[in-house]
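Here's a friendly walk through a protein model, with an eye on how its pieces pack. Have the viewer open and follow along.

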Amino acid sequence: MLKSNPNKYVKSTKANNIQKIFLRFSLGLFVAILTVMLGHSGFISYASFAAVPLKQQTAFTSVAELVQAGKKSYQAGQFVNAIELWRRASELIPQGDTINQAAVLTNLASSYQQLGDWQQANAAISQSLKLLEKSTNQNILAGALSIQGSLQLSQGQAEQALSTWESATAIYKKLGDKALTARSLLNESQAMRALGMYRRAKKTLLEVSQSLQKEPDSQLKVAFLFSLGDTLRLMGDRKTATSTLQQTLELARKLNLKNDISLVLLSLGNNARAEQDIDAAQEYYKQVIAASNPNIKLQAQLNLLQLFVQTEQLNEGLTLAKEIQPQIEKLSNSPSRTSIYAQVNFVQSLKKLLNTQHSELSTQHLGKILATAAQNAENIGDKRAQSYALGYLGTLYEQTQQWSEAQKLTEKALTLALSSNAPDIAYRWQWQLGRLLKAQDNIEGSIASYNEAVKTLSYIRNDLVSSNVDVQFSFRETVEPVYRELVSLLLQPKLIASKTNYSDVSQENLKKAREVIESLQLAELDNYFREACLTARPQQIDQIDKSAAVIYPIILKDRLEVVLSIPNQPLRHYAAAMPQAELEKIFDRMRRSLHRTSSQKDRLNIAQLVYNLLISPAEADLQRNNIKTLAFVLDGAMKNLPMAILYDGQQYLVEKYNLALTPGLQLFAPRRLESQQLKILAGGLSESRQGFVPLPGVESEIKQIKNEVSAQVLLNQTFTTQAIEKQVNTSRYPVVHLATHGQFSSNADETFVLTWDNRINVKQLGELLQNRASDSDNAIELLVLSACQTADGDKRAALGLAGVAVRSGARSTIATLWSVDDTSTSAFMVEFYKQLAKPNVTKAEALRNAQIALLKEPAFKHPFYWAPFVLIGNWL
């Protein structure tokens with residue numbers, strides 16, 4: 001039991017309904033004097049402060065001291081103290097000295113932004129800019145504009161931020177300040193990314209990189225190269241980020257900048273960890289620990305401890321934790337946001353290393369660290385840091401089942417997070433409050449709290465996964481469960497008055513569950529790309545196709561739930577009580593049964609078992625409503641399975657229905673492909689390239705397709721990245737067919753298609769097709785990826801398939817779940833286009849007819865040949 005009194009830290013307040021939340025970005029976007037600081041996240045941030053060009057007069061000596069002291073407080077993460085010092089400095093500056101007043105106001109705006117106080121921050125920067133309206137000091141004006149852009153982006157005003165930063169960049173260019181021009185361009189790239197202008201953002205970063213190469217070697221160049229590397233990391237381009245950081249490291253070593261060397265090594269370690277290169281990450285962290293100052297050393301130790309926990313190196317973790325503990329205890333002597341985050345970070349790792357035989361003693365020790373951290377945060381007026389510490393203290397009380405105390409702490413932490421505009425923290429405490437209320441049988445209150453958590457996650461979306469490194473973060477541990485647990489609550493039948501019988505789930509809860517399942521699909525893709533997916537306006541199925549039903553299966557801890565949507569009918573659901581581990585074994589067995597060497601009996605048995613789980617309970621409804629097409633929004637391990645092979649004892653599912661997959665109806669705009677529009681850009685490789693085996697059937701496949709429909713062909717040497725881009729952007733091809741090697745992986749960087757001269761990863765493919773995708777009237781209707789496959793041994797590889805479908809901008813995508821025989825693939829594709837060319841035949845119908853044609857061929861009747869072809873997206 002935890003014995004500390006939570007009421008010491010909790011006022012009798014309850015969380016209000018969540019207010020509107022804006023995006024927050026962790027990358028420091030400040031101006032003027034460049035200084036290096038160690039951020040609490042473990043990544044370097046380059047904070048700059050508006051220079052105060054004080055006149056050489058005795059009267060201003062105290063102002064200079066106050067400004068310098070405020071800067072030191074800011075760098076130490078003591079933002080409230082920095083504000084007080086700069087306020088005092090502002091009061092001492094004569095009213096007519098607009099330049100100095102504006103500079104200090106700009107600094108104040110930065111501090112208010114760190115505390116999430118948008119009102120004060122906006123007021124300070126507006127006042128600063130007003131003072132500078134008639135000023136000739138363009139450098140200070142550009143600095144103030146840079147801060148304003150940062151504030152605008154933090155509040156979700158990306159277009160305004162881009163415009164403001166463009167104004168700042170223009171001033172820096174006019175002044176001839178190449179360094180600050182580069183920094184301002186980096187700022188612009190962040191706004192472009194927020195607006196989905198990825199291609200333009202990358203071009204801007206390339207411009208910055210090229211300009212930096214021309215600059216002489218200096219500490220300033222080290223700082224900007226690092227900032228470029230950090231920006232590339234946030235944009236998900238980790239390989240280029242690593243290359244840039246390695247260049248930065250070489251330069252820092254050349255100039256013998258010891259602290260900078262350690263900071264770059266720390267960032268390289270973080271990048272290697274994100275890339276799952278555990279050995280490299282450990283080596284980088286150990287280099288930092290051996291060589292750096294105490295603050296940087298502690299951050300590296302904490303990151304290494306997280307890595308030991310993540311990789312279950314428990315003995316090494318316990319040894320390191322003992323080394324870290326004395327340093328953690330000393331942090332209370334100089335409280336700051338950095339030190340408080342370090343304490344929370346340490347507790348999070350140590351909690352996972354607890355020896356169960358001494359868990360009570362250990363839990364009390366952790367509670368003491370968090371209580372001290374919370375008190376220190378309150379003392380320095382940092383509500384965000386206080387929320388972190390109190391919330392995780394509430395987690396400890398939750399683990400010891402002290403529900404009332406845990407709830408008080410969690411509610412206080414939530415109030416602090418909301419008041420400091422910290423949605424990335426707030427959703428954690430909304431989720432935690434939902435769990436606590438459920439434990440106390442307050443199901444209605446629990447659902448309300450979970451709803452608020454999901455709502456908050458929808459506001460912050462990709463910002464959370466790309467830049468939230470304040471504490472340990474894992475999408476599968478700290479985001480995905482929020483959605484699944486809410487669905488479980490919504491679909492749990494309610495006890496009626498007698499408490500022995502159950503009422504069915506309400507339509508309201510079913511609709512909400514469907515919405516949450518769709519939101520989870522979108523969140524998974526955001527996490528996959530490390531940026532927000534473009535979305536179409538969601539439409540209900542009965543507005544799109546009255547003969548199509550949508551099936552939403554979702555895997556929960558204790559059961560499989562299925563929500564069924566049939567046009568013009570109430571939603572219904574059915575469930576199978578079965579532990580998640582058992583369900584996943586069934587799905588794994590079904591996948592393995594599809595090997596050519598597997599027995600037919602085993603294959604049909606497992607296919608029938610899954611049919612009974614997903615289809616049988618709905619069969620009567622489907623027949624009664626004359627359903628012709630089934631669209632599946634699949635979950636988890638089911639995404640790697642072809643629904644076509646589900647077996648009812650007599651027929652495969654593909655023999656009864658047209659089939660399609662979709663990662664969410666809101667991601668694809670509905671539109672039918674007219675047969676007269678069937679003009680194809682067909683590209684492929686039949687020869688061996690880049691170590692991949694030749695595909696001799698490709699040349700025949702493309703030739704036969706051209707005999708069926710109008711096609712522009714790019715084969716072998718002509719199938720280059722540049723040629724594809726030129727054809728896509730200069731001519732209108734409703735269908736793009738790529739017959740080449742490719743792979744779908746749970747890692748976006750390892751999801752690619754092969755051209756003669758390149759490997760195009762999923763993001764580059766999106767960029768290649770982006771111009772067409774942005775024109776809704778001219779978008780690619782169908783992208784066909786022939787000969788691609790999911791990565792072996794990757795249970796989440798189907799995310800790559802969905803990622804390609806979404807990122808390409810095509811309304812529909814046809815691909816294969818595994819590598820298929822060259823001859824059968826060619827036969828399938830030819831038949832598919834023959835069917836698609838017929839009037840009034842949908843893409844799903846053409847796919848089905850081609851699969852059945854292959855099934856009837858004696859040489860290809862095994863599902864290995866015809867089942868892997870799947871249609872993702874719009875099935876019309």
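Predicted model: local features only at pLDDT ≥ 70, side-chain atom pairs only at ≥ 80, totals over all residues.

Residues are numbered from 1 along each chain as its sequence is written, and side-chain values use heavy atoms, with hydrogens and water left out.

**The big picture**

The protein has 34 helices and 17 strands; these are DSSP runs numbered from the N terminus, helices being H or I with at least four residues and strands E with at least two. Of its 876 residues, 59% are buried (buried is under 20% relative accessible area, exposed is over 50%, partly exposed is in between, with a 1.4 Å probe and protein chains only). The accessible surface comes to about 35,300 Å², and carbon and sulfur atoms own 47% of that (Shrake-Rupley method, 1.4 Å probe). Take the contacts between residues at least 6 apart in sequence: 70% of them join residues at least 24 apart, where a contact means heavy atoms within 4.5 Å.

**Helix α25**

How far apart are the end C-alpha atoms of helix α25? They are 21 Å apart, which agrees with the 21 Å that its 15 residues (600-614) should span at 1.5 Å a residue; the expected span is 1.5 Å times one less than the number of residues. The buried residues of α25 are R603, L604, I606, A607, V610, Y611, L613 and L614. They pack against strands β5, β6 and β7 and helices α24, α26 and α34.

**Strands β8 and β9**

Strand β8 (residues 629-632) runs parallel to β9, and four bridges join them (two strands pair if DSSP finds at least two bridges). T629 stands opposite N658 in β9. Strand β9 (residues 658-661) is covered on both faces: N658 and A660 are buried on one side, L659 and L661 on the other.

**Aromatic rings**

The structure holds 14 aromatic pairs. Rings of Phe, Tyr and Trp (its six-membered ring) pair if their centres lie within 6.5 Å; planes under 30 degrees apart are stacked, over 60 edge-to-face, and the rest tilted.

| Pair | Centre to centre | Angle between planes | Type |
|---|---|---|---|
| Y341 and Y388 | 4.9 Å | 85 degrees | edge-to-face |
| F692 and F752 | 6.0 Å | 65 degrees | edge-to-face |

Y341 sits in helix α15 and Y388 in helix α17, so this pair links distant parts of the chain, 47 residues apart. Both Y341 and Y388 are buried, and together with Y392 and W429 they form one aromatic cluster. F692 lies in the loop between β10 and α27 while F752 is in strand β13, so their pair ties together parts 60 residues apart in sequence. F752 is buried, with a relative accessible area of 10%.

Two charged ends also sit over rings: that of K679 over Y733, 5.1 Å from the ring centre, and that of R689 over W756, 3.8 Å from the centre. The test is NZ of Lys or CZ of Arg within 6 Å of the ring centre and within 35 degrees of the ring normal.

**Two loop residues**

E312, in the loop between α13 and α14, has a positive phi of about 60 degrees although it is not a glycine. E312 is exposed, at 66% relative accessible area. N626, in the loop between α26 and β8, has a positive phi near 55 degrees and is not a glycine either. N626 is exposed too, at 58%.
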